[in-house]
Amino acid sequence: MSSLVPYGWDEDWAAAFAPYAAQGLLPGRVVRVDRGSCDLVVTEEGVIRADTTYVTPHDPLKVICTGDWAAVDPAGGDPRYVRAYLPRRTSFVRSTSSKRSEGQILAANVDHAVIAVSLAAELDLGRIERFLALGWESGAQPVVVLTKADLVPDATALSYLVEDVETTAPGVQVLAVSAADGDGVDVLAAVLSGGTSVLLGQSGAGKSTLANALAGADVMDVQAIRDVDGKGRHTTTTRNLLVLPGGGVLIDTPGLRGVGLYDAGTGVGQVFAEIEELGEGCRFQDCAHVAEPGCAVLAALEDGTLPERRLDSYRKLIRENQRIVAKTDARVRADMRREWKRRGAEGKAAMEAKRGRLR
């Protein structure tokens, strides 16, 4: 059995890698991406450093990422290069703060998107919905983990908090976990044992502490949160891939201050499945659920079936996603125009050169 199996290697990955194996390249999984020119890749030889010059295009969505399966030079080269990576099964992407509305890939080939939410601060249901939209859009199964559950000693109060999040996250498992005393860690470990998971959340959400609890060792640095606002510094500065003792692989990520949507229309629809379902009963197919007659969504709002906060959040995320898509489309069209002009200039130069040869 391959030593890469604990990292998620299977028959399908082996079949996809066959053309690279025929070239003498080695399979490996990216366990960490540094800001420099080298990355850590685990291979059957162990963990090696590999230069990613050949897989660093201008498109930020196509750069190699933690969780990717790579084709690496065999031993002997210095440096050793990543020559290619296999097509991704899933990818977790958010929009950057760039005015060009570019996407940033945070993790590749994940099965579960674990959204860590600290109970040390008041629940921000809107932010949870935003994370969920990106999680669903990635192709992974979201899981919400309410960390620091020991800070809510009253069982009834804790159950109400879990219920609030469950209402916000239809079709998503919600777990209350305390890494400090171990409550719920075994349940979460069992959920994550069947594949690769990415751990997401704000700074101070307790991600690194949770990663240590799942790994059964202090593999991630932990810093105290600020008492003034319950937030923390970026303990994790790179995305790291860890093999869990109970099975499965975990990718820990830096705390995210901004969680911008990136072409996540399908994900938004899944987060607000009840609104999408209500919308199917509207009189008009293109109903915007604002003031149209025969709107089933507004009717549900009127009779109290649909909370106003949910509808407001849905509208906000829909508008944001539409703006991102429009900006992205405009950028793509501008890039295409520049490419056409470049090709036109090259074609004109070639024709001029050909005429010169014929004279």
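Which residue of strand 4 is the bridge partner of L26? In this predicted model, whose residues are numbered from 1 along each chain as its sequence is written, local features need pLDDT of at least 70, side-chain atom pairs count only at pLDDT 80 or more, and totals for chains, interfaces and linings use all residues. Side-chain values use heavy atoms, with hydrogens and water left out.

The partner of L26 is V72 in strand 4; strands (E, at least two residues) and helices (H or I, at least four) are DSSP runs numbered from the N terminus. Strand 1 (residues 26-33) pairs with strand 4 in the antiparallel sense through four bridges, where pairing requires that DSSP finds at least two bridges between two strands. Strand 4 is also joined to strand 5 (residues 82-85) by three bridges, again antiparallel, and here A70 has Y85 as its bridge partner.

Let us turn to W69, which lies in strand 4 (residues 69-72). W69 counts as buried because its relative accessibility is 1%; buried means under 20% relative accessible area, exposed over 50% and partly exposed in between (1.4 Å probe, protein chains only). Strand 4 is covered on both faces, with W69 and A71 buried on one side and A70 and V72 buried on the other. Beyond its neighbours within four places in sequence, W69 has contacts (heavy atoms within 4.5 Å) that include L4, W9, W13, R29 and Y85.
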